[in-house]
Amino acid sequence: MLETMRYFSVEEANRLVPLLSRTFEHIRPWVERVQQLIEKLGTPENDTPEKLDALRAERDALLEKVREELRQFHEMGLEIKGAEGLVDFRAHRGEEPVYLCWRIGEPAVSHWHGLYDGFAGRRPITSADEFEPTYLS
């Protein structure tokens with residue numbers, strides 16, 4: 001089945017920022033606990049096989065909870081780049097496909113980058129009018 005590619009304007013992306021902020025704040029404790037479990041599983045020398053199995057089970061259950069909370073955004077066409085709160089929205093800047101970029105703590109979507117530039121290539125949005133919504137099926 002062919003998936004619909006969704007493109008966002010800056011205004012459309014900004015409408016989702018409050019929901020994104022609430023969701024990432026909600027899952028933050030789970031993400032932090034998963035990181036702790038991964039560290040603990042990386043140095044298992046003092047743990048029994050049973051303890052390691054319990055740690056893995058807790059990690060896997062938390063990861064599934066995080067995935068479930070973030071699934072709604074994937075279904076909307078957003079790309080979650082990090083469970084700690086980094087999101088890209090596909091957009092068109094003129095004829096060029098790009099990403100509008102948001103991270104937790106930012107009050108609005110205020111940056112963009114090329115499809116292959118990543119977070120390090122973020123540039124400030126100087127005019128929201130440069131980005132137009134487009135829907136392809």
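Visitor: What makes Glu79 and Lys81 a salt bridge?

Guide: The term needs a side-chain nitrogen of Lys or Arg within 4 Å of a carboxyl oxygen of Asp or Glu. Glu79 and Lys81 have N to O at 3.0 Å, so the pair qualifies. The model is predicted, so local features need pLDDT of at least 70 and side-chain atom pairs count only at pLDDT 80 or more, while totals for chains, interfaces and linings use all residues. Residues are numbered from 1 along each chain as its sequence is written, and side-chain values use heavy atoms, with hydrogens and water left out.

Visitor: Why is Lys81 called partly exposed?

Guide: Buried means under 20% relative accessible area, exposed over 50%, and partly exposed in between (1.4 Å probe, protein chains only). Lys81 has 42%, so partly exposed is the word. Glu79, at 22%, is also partly exposed.

Visitor: What makes Glu106 buried?

Guide: Its relative accessibility is 13%, which is under 20%, so Glu106 counts as buried. Glu106 forms a salt bridge with Arg103, the closest N and O atoms being 3.4 Å apart. Arg103, at 39%, is partly exposed.

Visitor: Why is the pair of Phe24 and Trp102 called tilted?

Guide: Rings of Phe, Tyr and Trp (its six-membered ring) pair if their centres lie within 6.5 Å; planes under 30 degrees apart are stacked, over 60 edge-to-face, and the rest tilted. Here the centres are 6.2 Å apart and the planes at 40°, so the rings of Phe24 and Trp102 pair and are tilted. Both residues, Phe24 and Trp102, are buried.
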